[in-house]
Amino acid sequence: MVERCAWAGEDAENVRYHDEEWGRPVVDDSRLFEKLCLEGFQSGLSWLTVLKKRPQFRKQFKNFEIRKVAKMTEADIERLLLDPGIIRHRGKIVSTIKNASRALELQAEFGSLAAYLWRFEPDEMAAPEKRGGIESETEASRALSKDLRKRGWTFVGPTTVYAFMQAMGLVNDHVPECVIQKRVSRARKQFSRPG
């Protein structure tokens, strides 16, 4: 039997996400922005719920192209609130649009959203021990959360930000026994950090 992180479970879509995406380093600004927003939508729900709705989120939020999302209007918000294919939470929808404007500011200041975000990668990260769960926030996620909030971002608490850091490869939290752990570790070593 293949051993994976316990959270991957049995659902084929979740297993595919675990095996092919989670923890692999990402530098594409649209993908980084998407994941940070979707982690905010996920708050209080299971990630699988968001994962199954991700195609519709991508359609409705213009594939998370930051400039296009920043131009969305109140009419777009009202339209999105009627779509059962996404999570219809007004505050999170508004947050995504406003955060797009904040992301444009970071791109202007740092050259890319990726260059800004990867500044918060911890120097070293020990592999998590196998236990019921792993940390829900860290010193690095608290620092990134604090800085984002200072810059006007919303729905970016330290737990949300840490889930983002795990997913986007800023840390490798695949448990040591996980079949994917070594692959992600190699990918991170070969990865060229932005900035």
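Visitor: Why is Ser 95 called buried?

Guide: Buried means under 20% relative accessible area, with exposed over 50% and partly exposed in between (1.4 Å probe, protein chains only). Ser 95 has 5% relative accessibility, so it counts as buried. The model is predicted: local features need pLDDT of at least 70, side-chain atom pairs count only at pLDDT 80 or more, and totals for chains, interfaces and linings use all residues. Residues are numbered from 1 along each chain as its sequence is written, and side-chain values use heavy atoms, with hydrogens and water left out.

Visitor: Where is Ser 95 found, and what does Ser 95 touch?

Guide: Ser 95 is found in helix H6. Helices (H or I, at least four residues) are DSSP runs, numbered from the N terminus. Contact means heavy atoms within 4.5 Å. Leaving out residues up to four places away in sequence, Ser 95 touches Thr 154 and Phe 155.

Visitor: What makes a space a cavity, and how many are there?

Guide: On a 1 Å grid over the protein atoms alone, a cavity is a set of points where a 1.4 Å probe fits but cannot get out. The count is 1 cavity of 30 Å³ or more. The largest cavity has a volume of about 60 Å³. Grid points are joined across faces, edges and corners, and the volume is the space filled by probe spheres set on the points.

Visitor: Which residues line the largest cavity?

Guide: Lining residues have an atom within 4 Å of a point. Among them are Ser 95, Thr 154, Phe 155, Phe 41 and Trp 153. Helices H2 (29–42) and H6 (90–110) each give two or more residues to this lining.

Visitor: Why is helix H9 called largely enclosed?

Guide: In H9 (residues 158–167), 9 of the 10 residues are buried, so the helix is largely enclosed by the rest of the structure. Those buried residues include Tyr 162, Phe 164 and Met 165. What covers them includes H1 (12–20), H2, H7 (113–117) and H8 (139–150).

Visitor: What makes a set of residues a nonpolar core?

Guide: The members are buried Ala, Val, Leu, Ile, Met, Phe, Trp, Tyr and Cys residues, joined through side-chain atoms within 4.5 Å. The largest such core has 53 residues; Phe 33, Phe 61, Ile 93, Leu 113, Leu 148 and Trp 153 touch the most other members. H2 gives the most to this core, with 6 residues.

Visitor: What is Phe 61 in contact with?

Guide: Beyond its neighbours within four places in sequence, Phe 61 contacts Phe 41, Val 69, Met 72, Leu 80, Ile 93 and Thr 96.

Conventions
1 Å grid on protein atoms, 1.4 Å probe; cavity = no way out; pocket = protein on both sides within 12 Å on 5 of 7 lines; lining within 4 Å.
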